[in-house]
Structures are given as structure tokens and as C-alpha cells.
Amino acid sequence: MESMFEDDISILTQEALGPSEVWLDAPGDPSLGGDMCSASHFALITAYGDIKERLGGLERENATLRRRLKVYEIKYPLINDFGEEHGFSLYEIKDGSLLEMEKVSLQQRLNQFQHELQKNKEQEEQLGEMIQAYEKLCVEKSDLETELGEMLGCVTWGLGSA
């Protein structure tokens, strides 16, 4: 990966300035001593070179990390809480449209679960009504069996005395 800063250190030299431009802290400047000017210029060039070198190293490291990330994304795609696999890049997470799509998907699932919950509540209510009706029928059956037993007792008692 090429550096965004491919400029040369020559921008810091007197020769890089045009003929009409004046170098403010030039060695000929009487307000500054020549040694002080040379030392600050040398420090500036050294710092610039160091920064440029560090930037190159960071760019190489960044490129390496990006390659590793791509490999991990291929090996280990993101899996959400519902077991669905997403193969999108982690860089795409920053994209608001992807987050919006995920939000819509989760909202649809939430609506589906709420619908199923409502349906289950209705079925539970129906089951409760059926249980109450069954209990009522059991009580009526018991009452009828009792009445039948009493009638049979009366009939057998009446037949036995005749």
C-alpha cells in the first residue's frame, strides 16, 4: 500500500523555495544566530523523517491488519442472536443503512413474536374455557349419576315391597 505522503524532505530546504520567497529563519537572518538556525532546521528535518518513517510503518501494519480481518471474516462470519449468518465486513457496520436493515429485521422478528404470543394467549383462554366447560359437565354427570342411583334405588325398593 502506497503512502499518502510521498513528498520529499526537499520541501524543508532553501532550494525548494522560489527565488522571490524568503526563508524567515534563514542563516543570514541577523535576529537568529547561524548555529541556532542550523540546529532547529536539522531537528525539523530529523523529526519529519522520523514521522514519515513511522507513518510508513503504521500503513504497513494497517494493511496487514486489514488482510487478517478479511481472513477472519471469511473464517468466522458474524452470527446474530437468532442463528442467522452474516458475511458482511466489519467496515460495513459503520454504514447506517446496514444498521437500519438490521433494525428492520429485528423489528419484523419482534412483531412476529408478539403475534405468536397473542395467538398463544387466545389459545390459552380457549383452553381455560374448555376446562371450565369440562368441569361443569363432570359436575352435571356426577349429579345425574346420583339422581339415577336414587331413582334406581326407589324403583328397586318399590319393586321389593310389592
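Let's start at Lys141: this lysine is exposed, with a relative accessible area of 51%. Keep in mind that we're looking at a predicted model. Lys141 has a partner, Glu145, and the two form a salt bridge whose closest N and O atoms sit 3.9 Å apart. That counts because the cut-off is a side-chain nitrogen within 4 Å of a carboxyl oxygen. Both residues belong to helix α2, and since they are four residues apart, about one helical turn separates them. Glu145 comes out as partly exposed, at 48% relative accessibility.

How many salt bridges does the structure hold? Two. The other one is in helix α1, which covers residues 34–75. There, the side chains of Asp50 and Arg54 meet with an N to O distance of 3.2 Å. Asp50 is partly exposed at 32% relative accessible area, while Arg54 is exposed at 56%.

Back on helix α2, which runs over residues 96–161, you'll find Ile131. Together with Leu127 and Met130, Ile131 makes a nonpolar surface patch of about 310 Å². Ile131 itself counts as partly exposed, with 43% relative accessibility.

Now for what the record says. An unreviewed UniProt entry annotates residues 48–75 and 103–140 as "coiled-coil region". In the model, residues 48–75 are 100% helix and 0% strand, with the end C-alpha atoms 40 Å apart. Residues 103–140 are likewise 100% helix and 0% strand, and there the end C-alpha atoms lie 55 Å apart.

Notes: Residues are numbered from 1 along each chain as its sequence is written. This is a predicted model: local features need pLDDT of at least 70, side-chain atom pairs count only at pLDDT 80 or more; totals for chains, interfaces and linings use all residues. Side-chain values use heavy atoms; hydrogens and water are left out. Patches are made of residues with over 30% relative accessible area and no salt bridge: like charges are joined within 9 Å, nonpolar side chains (Val, Leu, Ile, Met, Phe, Trp, Tyr) within 5 Å. Accessible areas come from the Shrake-Rupley method with a 1.4 Å probe; for residues, only the protein chains shown count as cover. Helices (H or I, at least four residues) and strands (E, at least two) are DSSP runs, numbered from the N terminus. Buried means under 20% relative accessible area, exposed over 50%, partly exposed in between (1.4 Å probe, protein chains only). UniProt positions are given in the numbering used here, feature names are shortened, and annotations may be inferred rather than shown by experiment.
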